Amino acid sequence: MTNAKSPSIGAHLRQLLGRVQNVDGTPGVMAESTATLAEAAYHVAGRYEPHDVPSDISADEITNVARKAVADEPLDEREGFIAEAIILPDLRPAIDIIGGDFTIDHPAWRDYGADTPAHANFVQAIPSVGRIELPGNPGVPYGGTGFVVGEGLLMTNRHVAQLFASGLGVDGLQFISGIDPAVDFLRELDNQAGTPFAFRKIRMIHPYFDMALVEIEGLEGHAPLWLEPVELDAARPRRIAVVGYPAFDPRNRADVQDKVFRGVYNIKRFQPGLLAGRRNVDSFGKMMSAGCHDSSTLGGNSGSLVLSAETGDVVGLHFAGIYKDSNFAVPAVDLARDGRIIDAGVNIRGGGHRSDGPWEQWWRNVATPERPTTAGVPSTPAAVAVQAPAAVHVPDGGAVTISIPLQITVSLGVPDTGSAAQTVEALSLDEAIARLSQALPDDVVRVKPGFNGRTDVLVLAARPERFEVVRASAPAAFAGYPVDVRYATIDEQLGLTVDQLEVPGTIAYDDARRAKAPFLFDPVEEEMTVIAHVGPEESFPMLQEFLGKVQTTLTSSMYQFFAAHVMEAVKERLDAGGLTMKIVLDPATRDSGDGGPKDGEFRRDTTFEKWRDDFAFTNVYVPVGNGKLVTRAYHIKVSVADSQWVWLSSGNWTRSSQPKPVDGGARGNREWHIVLENRKLARMFEAHINADFDQCGELGGGEEAIAPVEIMVDVPEEIFLEAPVERLQPLRITGRNVKVQPVLTPDRRGRVYTDAVLSLIRPARRQLVFQNQYIKIRKDMAGNLDELVEALIAKSKEIADLRIILRAGDVDDDITELRRRGLDVARCVRIITNTHTKGIVADGQRVLVGSQNWSDQAVSTNRDASLLFDDAEIAAYFLKAFEIDWARARPAVAAGVEKPALIAQGAAPPPGYVRMPLSEYYGR
């Protein structure tokens, strides 16, 4: 162990020891107490990678190392390890609450222990914090946290309220039908559920702050808390605690979460930390000044209160966080200045102090159709000559109105001189986006970063029907950045793009019942038969061949099963007799409530009901969502025949993934498939599917249900038409040893998949090729996906031949973020229209074939399956398929001008488009 990081650690400690404020308000300057020294060391949590801490490290040793680090004294090997090991996320512990109280003996938080004033303050507030229940919402049965702030008044986040309510402001707010929200003030470690209090009325959904107020009746015993309008000071961090209901969050590292939260989620927790200064953050498309705190929080903490240890009052409303960086809260002092919040009856020390702020314009925007201006929004000066026909004076120091058909008023933070051109300091790309986002016309749904093949650009995501209007009227540049107009994605058209918001992500998938053989994921190296093949041409013919092998049992798991010709192939085998079939299906397979099946598809409800009557057939739909088997999707595509044969694929049983050959060919998705004969692997997959089936029953999964009427989208018909230019015949291997490892998610919260893929990426020495639908990485995302993407980008800088193929359409944001993280997208990335493959080939020797897309849920908490082959012949086959696709792919920078998908309107899609449910579009 070296002492390389000690000066850095010491610098942080010296800085912090000079500014930590004790609970009694006195500065903790070079205090001699263990608590203050350890607190100083702990406050640099998240700046270094976490390490395991040996159990024999004592508090005295931590204190001694902290003293030596402050003084820059040399550290021996053990002390050097401690200096690094104490920098751990779990040094912001999550403490269990039992019976409305907590016990804390952590050396950094001894002044929160029993019989201290801080402890009494916290315990008094705990009963007024509750979990927001959404029993009518099958996807998210609870939404976050809320706390009592007035007579019959509960405060939470706006993004939590929008799970059960619609509207903005104070007028016209409505509950979403069928959800029946309530708040439960217990849900502590013993999982004791209290009596939920039903929500009576939505009082406010704030248009500027991430805050909402709800009226509740009968809150006796849950006293209203008080907001303390205290200014935040980065030089004097305040000791605080967050109280809320953290839930497992797939965006963060699973091992770190399990360490901090001890693998227990969805219960009330006490989470100590420090509240420091402010930072401007993006919240719902606008920049707001948020308070920064460092308590350990997760999804589910949305709406938690931030409590002052000194007073027991609320000093902030937690709403978001960035892993290993900072958490954010709406400062209570800002809430206490909004007259509408004061008038709503929120308890505020001193009654609040009314003043105008950036929120006033957003209130006016709710009441009128006008777009908000930037008056009052914190601004950063800027460096570019901005041409404008006029300058308009505003109270905050200056604004330039760029008069184009879409009129954008942007505060530049400089006095109005009346000149037509103003030269100001340079804005960063993010600052330019924030400025430009403040006054968007309805035709533009979002401003975001982009890449035009040469440089960073500002992208105006335009509604497709208004694309030409926006393009004709948009400026060529803003703040020195080129402006590019691109089609808004389906998510953007639907308003679904929200970054950095915390929502619950806990699943009930039970690793414990799968801890022994045959569930294990050990590599198998045995003599076996393997048939490697690719679609679209060989997809359905080889599936038919596999089904023809079935004699007695067929055990299947499938995301989407729509295609009539696949159904007929299965029925043909059922009709032959002697077959027992079980299938586990994602809810996406259910019949849509909008009418009969589309051409080439079949009715699932009536078909499966008849099969259950006529054959030895059973099926179940997987409960999906928070607290269910998986988070977002049962996305797997695996079938097992006679406990002997395995069919595993990237492709669903749909028309696009299993196209019916016509005239010797087929048009549809590029897919990678495997059929193999090996009893050990077959029994492993069969055991997992059977366990899924059983747990679905325990969680309330049923045989049939009609899906709600879905959002319909019109997509370019090219997604069904493009075909490879060269057909690959199947590769058949028999009579020799093959080494292969099964890889499933969400096992071990995605670590089975993540660790397997890292073992494929990191050792690559000369070549790594990657083909997938997308890489849904976003700014500040953490967890398994972040690890995988960073490994991929790091490898791109080590070897010359790293290439990535992604599917065209809705991939522009992915490519932009990859570039911002350091990937040479012009060299490494191409796109094609119809790829549905999810595969990786390393050095022509090892290959991963399966169904995992690259999104935070797909690599963590969805159900998916892959096979990792260590076999040069199989790897060479799929490498050949990749090379065929690479040759026909186009540059990644073309993604922004691809023909757009549209929200369906009218009785029929436009010419050249195909209509489908949104879930099918996502899963195609």
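**Entry 1: the loop at N266**

I began with N266, which is found in the loop between helix 7 (254-261) and strand 11 (269-283). Helices (H or I, at least four residues) and strands (E, at least two) are taken here as DSSP runs, numbered from the N terminus. The model is a predicted one: local features need pLDDT of at least 70, side-chain atom pairs count only at pLDDT 80 or more, and totals for chains, interfaces and linings use all residues. Residues are numbered from 1 along each chain as its sequence is written, and side-chain values use heavy atoms, with hydrogens and water left out.

I noted that N266 is not a glycine, although its phi is positive, about 70°. Is N266 buried or exposed? N266 is buried, with a relative accessible area of 18%. Buried means under 20% relative accessible area, exposed over 50%, and partly exposed in between (1.4 Å probe, protein chains only).

**Entry 2: the barrel and its strands**

I then looked up the barrel. Here 6 strands close up in the order 2-3-4-9-8-7, with antiparallel pairing. From one strand to the next, the twist averages 45°; axes are lines fitted to C-alpha atoms, for helices over the stretch in contact, and angles run from 0 to 180 degrees between N-to-C directions.

I followed strand 7 (residues 182-184) to strand 8 (residues 197-205), with which it pairs in the antiparallel sense over 2 bridges. Two strands pair if DSSP finds at least two bridges between them. V183 has F197 of strand 8 as its bridge partner. The loop between strand 7 and strand 8 holds R187. R187 is a residue other than glycine with a positive phi, near 55°.

**Entry 3: strand 34**

I turned to strand 34 (residues 767-771), where 5 of the 5 residues are buried. Strand 34 runs parallel to strand 35 (residues 801-807), and 5 bridges join them. L802 in strand 35 is the bridge partner of L768.

I looked for cis peptide bonds and recorded one between A517 and P518, with omega about 10°. P518 is found in the loop between helix 13 (490-493) and strand 25 (524-534). The bond from G535 to P536 is also cis, with omega near 15°. P536 lies in the loop between strand 25 and helix 14.

In helix 14 (residues 539-548) I listed the buried residues as S539, F540, M542, L543, F546 and L547. Why do these residues line one face of the helix? Seen down the axis of helix 14, they fall within an arc of 165°, so they line one face; the arc is that of the directions from the helix axis to the C-beta atoms.

**Entry 4: aromatic rings**

I found 27 aromatic pairs in the structure. Rings of Phe, Tyr and Trp (its six-membered ring) pair if their centres lie within 6.5 Å; planes under 30 degrees apart count as stacked, over 60 as edge-to-face and the rest as tilted. F608 and W611 have ring centres 5.7 Å apart and planes at 50°, so the pair is tilted. Both residues lie in helix 16 (residues 604-614), 3 residues apart, about one turn of the helix. F608 also forms a tilted pair with F617, at 5.6 Å centre to centre and 35° between the planes.

F608 is buried at 0% relative accessible area, W611 at 2% and F617 at 3%. Ring pairs link F561, F602, F608, W611, F617, W647 and W653 into a cluster.

I also noted two charges over rings. R131 lies over the face of Y142, at 4.2 Å from the ring centre. The charged end of K776 sits over the ring of Y774, 5.1 Å from its centre. A charge sits over a ring if NZ of Lys or CZ of Arg is within 6 Å of the ring centre and within 35 degrees of the ring normal.

How many disulfides does the structure hold? The count comes to 0, a disulfide being a pair of cysteine sulfur atoms within 2.5 Å. C292 is buried at 13% relative accessible area, and C696 is buried at 0%.

Lastly I looked up A826, found in helix 22 (residues 825-828). A826 is exposed, with a relative accessible area of 59%. The C-alpha atoms of A826 and R454 are separated by 8.7 Å, while the two residues are 372 residues apart along the chain.
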